[in-house]
There are 2 protein chains.
Amino acid sequence: LFRVGEDWYFLFILGVLMATISFTMDIIIARLHAGKTWRGFHRRLGYLSWTMYPMALAAFSTGFSQSITPHSGGSGISELKTILMGVVLEDYLAIKNFGAKVVGLTCTLTCGSTLFLGKVGPYVHLSAMAAAYLGKMRTTVTREYENKFKQHEMLVAAQAVGVATVFGAPISGVLFSIEVMSPYFAVRDYWRGFFAATCGAFMFRLLAVFNSEQETIAAVFKSNLKIDFPFDLLETFFFLILGYGGSGFEVLSRWLMVAVRKNQLTAKLLATDKPVYTVLVVLLFASITFPPGLGQFMASRLTMKEYLTSLFENRTWGLLTLNASGVAKPGELWQEWDHPSATIYGTLIFFLLMKFWMLILATTLPLPAGYFMPIFIYGAAIGRLVGEVVALLFPRGLYSEGPPRPIIPAGYALAGAAAFSGSVTHAVSTSLLVCEATGHMGHVLPTVLAVLVANAITQKNQPSFYDAPIIVKK
Amino acid sequence: LFRVGEDWYFLFILGVLMATISFTMDIIIARLHAGKTWRGFHRRLGYLSWTMYPMALAAFSTGFSQSITPHSGGSGISELKTILMGVVLEDYLAIKNFGAKVVGLTCTLTCGSTLFLGKVGPYVHLSAMAAAYLGKMRTTVTREYENKFKQHEMLVAAQAVGVATVFGAPISGVLFSIEVMSPYFAVRDYWRGFFAATCGAFMFRLLAVFNSEQETIAAVFKSNLKIDFPFDLLETFFFLILGYGGSGFEVLSRWLMVAVRKNQLTAKLLATDKPVYTVLVVLLFASITFPPGLGQFMASRLTMKEYLTSLFENRTWGLLTLNASGVAKPGELWQEWDHPSATIYGTLIFFLLMKFWMLILATTLPLPAGYFMPIFIYGAAIGRLVGEVVALLFPRGLYSEGPPRPIIPAGYALAGAAAFSGSVTHAVSTSLLVCEATGHMGHVLPTVLAVLVANAITQKNQPSFYDAPIIVKK
């Protein structure tokens, strides 16, 4: 099983390479994002700057990637799944797509929370392309014939690397890629995936340390939740409700998504003028999220990462707002959520309502983009809302006896993120992903329960998010 | 995939049932163990009491279980593995073995750290028996023919339940059972395992709450490690060494194990007088571990659970001993390790030396017993020793600049436990098991690295611990 042969070097190279690219992309995006200035301008100029920047980027992303290859749109996970099932889509893993997808994805992600799209899906596709290319290079060097079986193994490992290098989470990266990708797999593949993903995740976190972003290779979205008393037993009930509610959202969204895709206007635009369609949609999004306008009710100033960090915040927002004038320092992330007239509950609800249809519309955009991260954040927002409401109803915790054990809304946010993303992708490993990405293990059981409940409901009804396009394209 | 049918009820019942049995066994063992009084007696009487008690229990365990069924000895994982590969060992899953194995295992575990044996292996076997029996009951009720395919699915789920209900760790329970048991598996099975294991783990922790042992359903071996700064980047080097060293031990032990098994004297005794052999070995063990004698150098007063808890202790023992007179309260667990003349390093080394051959001898005993837990503790002790030495060498941490970041030996203990048990069983999921069982996620990356290194070395050389008996029995 563990022969020290070229396979392992190969997996090592793949992991390190993808981690480096992932990290470089993150840095470039952060730099480019800093260029998105709109404050300090006159209001109308600010609006222009706020909308033009993502419009230009999204249009470029669409135009550039589509001109090189029509395969670069979307996340690419559905197509990879079909490849793994044995269908030959040779062109899909061609290396010429690599550059198009990297550039396109970087532009998409630079739009940030305006577009509200993620990185995981395309990055898995990128990783698979790199693996396929490295495999070809190897066969040229060793002068062996291409081995279909080995190719398949490498693709499986590449997916694990893709997930692991985005979240810095090796174990759940492997599990998630298995769950999403294949109905069967060999423990042998699992080993390869594990090795490559660990190399990738280690490198990814190592780069963060070298870049002095972090002091040590800790979790990516490090949360400092107290682990003394994570949750009361009775709270399990609310976690179950959360799982149930999350799946409800999912069923609704699937229905709406079909409606949007079947819409004649969008279909026409998509068939002919892809950049125009993109620009129109992005203009709409940017107008809605413009911070002095509607954006103030949905914390639209935050980036994707800041959304997650603020939603997983240890403290209870409801309590923070009560003595906001006294304790809180200005400029903390959670304050973006606290609107003077709408309160945090209002902004959370508005955020959920608006992002619901915006997210569905965003999935129709023909640019390279992932849908896992937005779904994850959306789930975290659902969980945070539930958690804050529970904390409001039971300020001293659920037990009236003994010392007060306040409810920790961040735990609900974790469970919500896992349950919603799990029910959309039909995976349970999102519960582990949450733990690995935040470095917090205390809520693992209620999270798993919420994920199981959410999955039990959605799996009964629908194909997974990644299966649906396969069925549609048939 | 997720039809609400009898399968799910069945898995639910299996999980809850096994969790209840596991918990009841734990309580009975704790009660029985309390009966093992040896203090307060005259020294010679104390010795008699210390040795007679486990001798009687082990003899009864051997005699009782062997008289009912010859299959009840050992862990049973190797045999289960052969069953899953398609070999029919019908009798092995017969329900009549269930009682024998429960009683035998309870007696074995009551001997506690004197015998130094565990629960996981037999409990997986028990779980498989329960699943097989429940499956038969179902076919009688529904009047369907037995479905081999369904039986297989249930067995896979049962193994996950077995691991999960012992450690209260659902995710790693599923992974570990997959890795150890089967070369291939379906994601479909993984779902079933996940569901059943979560029910089991939840029930298991729930019972602990109802029994007022714990305040909430937190981790089983809850460790209160600081997560502010888990480890320095440079410490990764020591973790790698730890993985390397762990695998070295493993290779040595395998060699010795073969020597013991091939020994003519033991083989003769095992063939004819099993209880006599057991009694002799236990007498030897009890004499060595007698606390006023040699036992004082190996902390033999601790139970298995206390061993783990003390080894995963947050504080650095080396620092504690320095100001033992001042700060430390008497009766803390770590003080068992602190011998006035041998120091903690001496006791740890002596513990490792003695338990090494004792553990190998213990695996030859023909009573129901698991070998995972002792291996796990042994690995934790290796890690603790390495961690304490590193902490001694670098009292201010590895960076001389900035504020001191002391080394946390408990992190090494976690990594050591995962690496050693992983290399013995050829599994990577032990790294996750450590995190789930202790509720501590901060050290996940170095732990995974140590496990991978340890596995890379041992897998090259040998069949896994559970494969070896299969090969021998051929």
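Visitor: How are helix α11 and helix α14 of chain A oriented relative to each other?
Guide: Please note that the model is predicted. Helix α11 of chain A covers residues 274–289 and helix α14 of chain A covers residues 343–362; they pack at an angle of about 165°, with their axes 11 Å apart. An angle over 145 degrees counts as roughly antiparallel. Therefore the orientation of α11(A) to α14(A) is roughly antiparallel.

Visitor: Which classes of residue make up the contact of α11(A) with α14(A)?
Guide: From α11(A) come A:Tyr277, A:Val281, A:Leu284, A:Phe285, A:Ile288 and A:Thr289, while α14(A) supplies A:Met354, A:Lys355, A:Trp357, A:Met358, A:Leu361 and A:Ala362. Sorted by class, the contact of α11(A) with α14(A) comprises 10 nonpolar, one polar and one charged residues.

Visitor: What is the handedness of the crossing where α11(A) passes α14(A)?
Guide: This question concerns the crossing of the two helices discussed above. As α11(A) passes α14(A), the crossing is left-handed.

Visitor: How are helix α6 and helix α7 of chain A oriented relative to each other?
Guide: Helix α6 of chain A (residues 148–167) packs against helix α7 of chain A (residues 170–181) at an angle of about 125°, and their axes are 8 Å apart. Roughly perpendicular ends at 115 degrees and roughly antiparallel requires over 145. Therefore α6(A) is placed relative to α7(A) in an orientation that is oblique.

Visitor: Which classes of residue make up the contact of α6(A) with α7(A)?
Guide: The α6(A) side consists of A:Val156, A:Gln159, A:Ala160, A:Val163 and A:Ala164, and the α7(A) side of A:Pro170, A:Gly173, A:Val174, A:Phe176, A:Ser177 and A:Met181. In terms of class, the contact of α6(A) with α7(A) has eight nonpolar, three polar and no charged residues.

Visitor: In chain B, how are helix α3 and helix α6 oriented to each other?
Guide: Helix α3 of chain B (residues 77–84) and helix α6 of chain B (residues 148–167) have axes that come within 11 Å and cross at roughly 155°. The crossing of α3(B) and α6(B) is left-handed. Since the limit is over 145 degrees, α3(B) and α6(B) are therefore roughly antiparallel.

Visitor: Which residues of α6(B) take part in its contact with α3(B)?
Guide: On the side of α3(B), the contact is made by B:Leu80, B:Ile83 and B:Leu84. On the side of α6(B), the residues are B:His152, B:Leu155, B:Val156 and B:Gln159.

Visitor: Is B:Thr198 buried or exposed?
Guide: B:Thr198 lies in helix α8 of chain B, residues 187–210. B:Thr198 touches A:Leu445, A:Val448, A:Leu449, A:Leu452 and B:Pro170, leaving aside residues up to four places away in sequence. Because its relative accessibility is 1%, and the limit is under 20%, B:Thr198 counts as buried.

Visitor: How many residues apart along the chain are A:Ala130 and A:Met18?
Guide: A:Ala130 is in helix α5 of chain A, residues 120–142, and touches A:Leu14, A:Met18 and A:Phe98, not counting residues up to four places away in sequence. The C-alpha atoms of A:Ala130 and A:Met18 are separated by 8.2 Å. Along the chain, their separation in residues is 112.

Definitions and conventions. Residues are numbered from 1 along each chain as its sequence is written. Chains are lettered from A and ligands numbered from 1 in the order in which they are written. This is a predicted model: local features need pLDDT of at least 70, side-chain atom pairs count only at pLDDT 80 or more; totals for chains, interfaces and linings use all residues. Side-chain values use heavy atoms; hydrogens and water are left out. Axes are lines fitted to C-alpha atoms, for helices over the stretch in contact, and angles run from 0 to 180 degrees between N-to-C directions. Helices (H or I, at least four residues) and strands (E, at least two) are DSSP runs, numbered from the N terminus. Angles under 35 degrees count as roughly parallel, over 145 as roughly antiparallel, 65 to 115 as roughly perpendicular and the rest as oblique. A crossing is left-handed if the near helix is turned anticlockwise from the far one by less than a right angle, and right-handed if clockwise. Contact means heavy atoms within 4.5 Å. Ala, Val, Leu, Ile, Met, Phe, Trp, Tyr, Cys and Pro count as nonpolar, Asp, Glu, Lys and Arg as charged, and the others, Gly among them, as polar. Buried means under 20% relative accessible area, exposed over 50%, partly exposed in between (1.4 Å probe, protein chains only).
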